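I opened this entry to keep track of how the parts of the complex meet. My notes follow in the order of looking.

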Amino acid sequence: MLDSQDHSDRIAEILEAHQGLEGPLLPILHAVQEAFGYIPEAAVPQIAKALMLSKAEVHGVVSFYHDFRSKPAGRHVLKLCRAEACQTMGADAVADRIKRALGIGWHETTSDGRVTLEPVFCLGLCACGPAAMVDGRLVGRVDESVCAEVAK
Amino acid sequence: MKVFVPLDSAAVALGADRIAEAIVAQGAARGVTVQVVRNGSRGMVWLEPLVEVEVDGVRHGFGPMTLADVPGLFSDLASHPKAIGPVEAHPWMKGQTRLTFARVGVIDPLSLDDYRAHGGLVGLDRARGMTRAEIVAEVTESGLRGRGGAGFPTGIKWKTVSEAAGDQKYIVCNADEGDSATFADRMLMEGDPFCLIEGMAIAGLACGATKGYVYIRSEYPVAIRVMEAAVRIAREAGVLGAAFDMEIRVGAGAYVCGEETSLLNSLEGKRGVVRAKPPLPALQGFLGRPTVVNNVISLASVPVILAKGAAFYKDFGLGRSRGTIPLQIAGNVKYGGLYEVAFGLTLGEIVNGIGGGTASGRPVKAVQVGGPLGAWFPPALFDTPFGYEEFGAKDGLIGHAGLTVADDTVDMLQMARFAMEFCAIESCGKCTPCRIGSTRGVETIDRLARGDASALPILTDLCNTMKFGSLCALGGFTPYPVLSALTHFPDDFARQREAAE
Ligand SMILES: Cc1cc2nc3c(=O)[nH]c(=O)nc-3n(C[C@H](O)[C@H](O)[C@H](O)COP(=O)(O)O)c2cc1C
Ligand code: FES
C-alpha cells in the first residue's frame, strides 16, 4: 500500500493531467480509482481544493455513483448481470449458486480478500445471457464455472 | 487468407479473442499468411463468435466457432461443420434494411479508408455545402425521431439549438444505453464508430456547435476503447478539428444518467440528479449553454439521411414512425441479436418469425418491449405493429427498441417486483414518488406474494402517484412493467394468494 505522501503526489499528477477539461470531476475520479483501486478518503479534500468545490460536494459525487468505491475491492471483482433479459435465462439461479460457492452476498468480499461480488444492470450482452464481467473481461452465457477464474 | 473475427463485446464474451489468436497461430504453424480483421458484429448473436473467410470476394460465415473448429478453416471450407454459407445470403441478413447499420460487421471499424469506401463521409460532405437551416430542414423532413426512447423529432430539437443565441453550443451524444435488452448503441460504436462521429459533426454544422461529447456507460469497455481510437484517427485525418471536435466521457454506473438532464449534470461533474424542465437542455444544457442531446442511433442515422436524402429515409416505415429501427431481440430467444428493419412488423413476426421463439423451446409467455420502463406484452397482443403510436395505443412503448422474451417459467409477480426494486436502486432521489414510491412498491408486491390481496388497490394507487408525480420517466414509467404484468397476467398475482391460503 502506498503511503499518504505517495497518494497525494499521484493525485496531484492526476489533477494536473485533467486541467482544462470542462466538467473534469468524473474523469478525475475514474483516474484516481484506476490508480488506487478505490477513492481514498484523503483524495476528497485534495480534489475539492483543486476544483474549488466543497468537500461535501466531492463526497456527494463519489457516493452517488455505483462505480466509485470508498474502500479497496477484493483481488478479483466479479460482476453478474441482474437485469431482465439475463433473468429470463436463469441469471438469478446462477447468482445464487455463485453466492453459495463463494460464501458471500452482493457487495461482499470473501474473507480472504480474494473476490468481491457485485450486481450490474446490463452489460449489453442481453442476447447471450446470463452475462458477467470478471476483472473487466466480458463473459456471456455464464454459469458457476466462472468461479474457477477467481480461484486464486 | 483474409479472415474476419468480430471485436464486438458479445462475440468477445463468447470467446472471439481466443479464436482470433488461434487462427493466427494456426496460420503460422501451416505457413499460411493470414490477415485477421477485427470487424463489428453482424448481429447474429446466436452464431457468435462468427468468423468470416473471404473467398473470391465473397465472405463465408462459420459459427458459433470453438477452438476445435479453427483448424477446419484451413481445409475444405464447404464441409466445415460450422459453415453457414455466404453471410450476405443468410436469411437473417437478407430480410433486413440496413441503413444505420449498413457498415456494421462489414468494415474494419477503425479504418477510415474502409469507411469512405463504403459510403462514409458523403453526408458530411453534402452538409458542408448546405446552410444550417437546410440541414435542419432535411433532418426534419426525414421524419427521424429520437431513438433514445422519447421519440421526439430530431429536426425540431436541432432547430431550437440552431436558432438559440450563444457563443458556445454543444452536441452531446447519449451513449448511456442502460436498458436491459438493448445493445444497438454499443454495436454501432464498436462496429462503425466513424458513423457516429460523422453524425455528430453534421449536427454541429446544423446547430453551430463546435464541441461534442459522447457519454458512454462504464459497462461498455470495448465501445469506449473503439470510440477513443476513432476520435484520434478522425482528428489526425482532419475530419474533426477546429470546426468541430469531440471528447469521449465515461459514466460511472448510474442508470438514471441516461436521462438527458441527469446526464448533463454528470458530464458537468455533479451528482446525476434530474433537472426540472424547463429550461430545456436545447436552450440551457451543458454548462447552461444551448445543447443537443441525442441518442447514438439518432445521430448515427443522420449520415445516411444526408447522403441519400430525406425522402429516401422517410419512404420506409409506418404512420408517424419513419425510417428503420434496429430491433434488439434478447432474453430467452432462439435467434437473438440485432435486426434493422423498417417500422411496422408486428410483435409476433419479430418474436416468433425472426427470433424463432424461445431458446428453451417452451412457449413464449411475455415480451417486455422498451427496457425496464417498458410494458410486458402477452401473445394476445402479438398483432401490435412496431411503431411509436401503435405501442402507445396498447399502453406500451417501444423505447430504445429492445425486446426481452420470456418463456412460461417466468413469474410475472417477480418481474413486477424487480421493476420496483430497480427503480428504488437507481432513483436519483430528487423526487419523492420515485424514491419512496418504488420502495413502497416492493413492500406492497411482497404483501401480494404473501397472499394479502388487500395490497392490490394500494399497488395501483401507488403506480398512479408515481406516473403522475415523478420528475422524470424513471419513476413515471416504472408503473408500465408493473401494471402490464398485473393486467395481462393476473393469475401470477392470484396464484400467490391461493398458495398462501
Ligand atoms: C431513466 C431514464 C433513462 C434514460 N436512458 C437513456 C439512455 O440510456 N440513452 C438514451 O439515448 N436516452 C435515454 N433516456 C432518454 C433521454 O432522456 C433523452 O430523451 C434522449 O437522450 C434524447 O435523445 P433522442 O431524442 O435522440 O432519443 C432515458 C430517459 C430516462 C427517463
Ligand atoms: S440484461 Fe444482462 S446483459 Fe443486458
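Which side chain meets that of Asp8(B) in a salt bridge? I looked it up in the model, which is a predicted one. The partner is Arg186(B), with N to O at 3.0 Å.

Entry 1, the domains of chain B. I noted the division of chain B into domain 1 (2–94), domain 2 (112–313), domain 3 (321–407) and domain 4 (412–500). I then took domain 1 of chain B against domain 2 of chain B: their C-alpha centres are 32 Å apart.

Between domain 1 and domain 2 of chain B I counted one salt bridge. I also counted two residue pairs in polar contact between these domains, both residues being at pLDDT 80 or more.

I placed Arg186(B) in helix H8 (residues 184–191) of chain B. Is Arg186(B) buried or exposed? Its relative accessible area is 1%, so I wrote it down as buried. Leaving out residues up to four places away in sequence, I listed what Arg186(B) touches: Leu123(A) and Gly124(A) in chain A, and Asp8(B), Ser9(B), Ala10(B), Glu177(B) and Tyr220(B) in chain B. A polar atom of the Arg186(B) side chain lies 3.0 Å from the backbone oxygen of Gly124(A).

I found 38 residues of chain A and 64 residues of chain B in the contact. The chains bury about 3700 Å² between them, 59% of it on carbon and sulfur atoms. On the chain A side, Glu22(A), Phe64(A) and Glu84(A) lose the most area, together 19% of what that side buries.

I counted two salt bridges between the chains. A salt bridge joins the side chains of Arg82(A) and Glu421(B), at 3.0 Å from N to O. In chain A, helix H2 (25–36), helix H4 (55–64), helix H5 (84–87) and strand E4 (137–139) each supply at least two residues of the side that touches chain B. By class, I divided that side of chain A into 22 nonpolar, ten polar and six charged residues.

Conventions:
Residues numbered from 1 in each chain as written. Chains lettered and ligands numbered in written order. Predicted model: local features only at pLDDT ≥ 70, side-chain atom pairs only at ≥ 80, totals over all residues. Heavy atoms only, no water. Domains from an automatic or database assignment. Salt bridge = Lys/Arg side-chain N within 4 Å of Asp/Glu carboxyl O. Polar contact = N/O pair within 3.5 Å; in protein donor to acceptor, adjacent residues only side chain to side chain. Helix = DSSP H or I, 4+ residues; strand = E, 2+ residues; numbered from the N terminus. Buried < 20%, exposed > 50% of the residue type's maximum accessible area, 1.4 Å probe, protein only. Contact = heavy atoms within 4.5 Å. Buried area = accessible area lost by both parts, 1.4 Å probe. Nonpolar A, V, L, I, M, F, W, Y, C, P; charged D, E, K, R; others polar.
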